[in-house]
Amino acid sequence: MTIHLPQGPYTPRATPLDLAPGAPAPTSRTVFSAAHVVADPYADISPDDPAAVDWDSTLAFRRHLWAHGLGVAEAMDTAQRGMGLDWAGAAELIRRSAAEAKAVGGRIACGVGTDQLPADGTPALAEVIAAYEEQLALAEEHGARPILMASRALVRAARGPEDYLTTYAHLLRQASEPVILHWLGPMFDPALEGYWGSADLDEATDTFLKVIAEHPDKVDGIKISLLDAAREIDVRRRLPGGVRCYTGDDFHYPELIAGDERGFSHALLGIFDPLGPLAAHAVRVLDTGDVDGFRALLDPTVELSRHLFRPPTRFYKTGVVFLAWLSGHQDHFTMVGGLQSARSLSHLAKAYELADGLGLFPDPELAEHRMRSLLTVHGGAR
């Protein structure tokens, strides 16, 4: 039956992809999905209050990702760090998810930042380091690989590249095991403009690589989220041996993961939240050496990813949670901080059409019913 979307009539797909859980983890690439959090829709709170999280549904979604062989990158940008989820909520998320990972044997890495500091003002560099230390200790205490996230507070505190070198050197010396470094571009968070001490990306890249070169034994890998494939390829070719490059490029991930004769990227991606089962299956095809088969599976997903991550890119989380609702992973389309209002009905309807066309919805009839319900709420159902 045709559904009338804002962009025009659409006939939903009848059958989904057949991607059952229980397959082994990919072996040729290390693959993490940055996972979203599920809000408690019945909590009587305002957007300025601490997040109310539906812990059962949040952890169930992580079990879904692990069941398909993916690792979980926890308490990252996709989980609305700095956009509704404060440090207290993130700390609880890390504790609960790390315990769940241990119980099911899932791979987990957790975001470590400085978001317990005030959101305004200029902190001292020592305060930034102390905040990082607190979060690093929590991640290590619970057995999760730390991901040193880019810090808004460090942008305000640092006077230049040397302060970044000082901060990261201090943290890497303290880390008990190798960590993942994270460079999140201003398209994801405008407050991170000029990270690594310069708005010139070449200069920032040199500083970033200097941190790694001085502490290669303490760096498992780097996650680059700049939506710049050429820069990522340049960086990964300059990495010391044994240091992974994790792509965070939600525009060019198939080609970056496939790689070339000089190397490839692993993955730590927000788009692998809605693409989880398909992404894991595609990388298992790549494990066999079938690059063409891998690209045939993942290349068609790029249009959906580019749609979800279009500017303002930081609101991609709205589309991610919307697709989780349509897929039946949660019973509502409510987000931490009220962020479900951050994208238009037209944007969401196009996301539905693209995701359905890919066969991503386990129950297409449920997805169609929920899409019609949303259209009705907006007064646009036909």
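Mentor: Start with helix α12. Its buried residues pack against α11 (302-308), α13 and α14. Buried means under 20% relative accessible area, exposed over 50%, and partly exposed in between, using a 1.4 Å probe and protein chains only. Contact means heavy atoms within 4.5 Å. Helices (H or I, at least four residues) and strands (E, at least two) are DSSP runs, numbered from the N terminus.

Two notes on the source. This is a predicted model, so local features need pLDDT of at least 70 and side-chain atom pairs count only at pLDDT 80 or more, while totals for chains, interfaces and linings use all residues. Residues are numbered from 1 along each chain as its sequence is written, and side-chain values use heavy atoms, with hydrogens and water left out.

Back to α12, residues 316-326. Here 11 of the 11 residues are buried, so the helix is largely enclosed by the rest of the structure. Among them are Tyr-316, Phe-322 and Trp-325, but also Lys-317 and Thr-318. Just after α12, Gly-328 takes a positive phi of about 85 degrees.

Two packed helices are described by the angle between their axes and the distance between the axes. Axes are lines fitted to C-alpha atoms, for helices over the stretch in contact, and angles run from 0 to 180 degrees between N-to-C directions. For α13 (residues 345-358) and α14 (residues 364-377), the angle is about 170 degrees and the axes are 11 Å apart. The two are therefore roughly antiparallel. The classes are: under 35 degrees roughly parallel, over 145 roughly antiparallel, 65 to 115 roughly perpendicular, the rest oblique.

From α13 come Leu-345, Leu-348, Ala-349, Tyr-352 and Asp-356; α14 supplies Pro-364, Ala-367, Glu-368, Met-371, Leu-374 and Leu-375. By class, that contact has nine nonpolar, no polar and two charged residues. Ala, Val, Leu, Ile, Met, Phe, Trp, Tyr, Cys and Pro count as nonpolar, Asp, Glu, Lys and Arg as charged, and the others, Gly among them, as polar.

The axes of α5 (residues 161-174) and α6 (residues 201-214) come within 10 Å and cross at roughly 25 degrees. That makes α5 roughly parallel to α6. The crossing is right-handed. A crossing is left-handed if the near helix is turned anticlockwise from the far one by less than a right angle, and right-handed if clockwise. Pro-161, Leu-165, Tyr-168 and Leu-172 of α5 meet Thr-207, Lys-210 and Val-211 of α6. Their classes are five nonpolar, one polar and one charged.

Asp-217 counts as exposed because its relative accessible area is 58%. Its C-alpha is 8.7 Å from that of Glu-177, 40 residues away along the chain.

What covers the buried residues of α3 includes α2, β5, β6 (145-148), α4 (152-157) and α5. Helix α3 (residues 125-141) has 17 residues and reaches 24 Å from first C-alpha to last, close to the 24 Å expected at 1.5 Å a residue. The expected span is 1.5 Å times one less than the number of residues. Its buried residues include Leu-125, Ile-129, Tyr-132 and Gln-135. After the helix, Gly-143 has a positive phi near 75 degrees.

Gly-111 is buried because its relative accessible area is 0%. Leaving aside neighbours within four places in sequence, its contacts include Glu-74, Arg-81, Gln-135 and Ile-147.

Finish at α7 (residues 229-237), which holds Arg-236. Arg-236 counts as buried because its relative accessibility is 10%. Beyond neighbours within four places in sequence, it contacts residues including Cys-245, Leu-256, Asp-260 and Phe-264. In the loop between α7 and β9 (244-247) sits Gly-242. Gly-242 counts as exposed because its relative accessibility is 72%.
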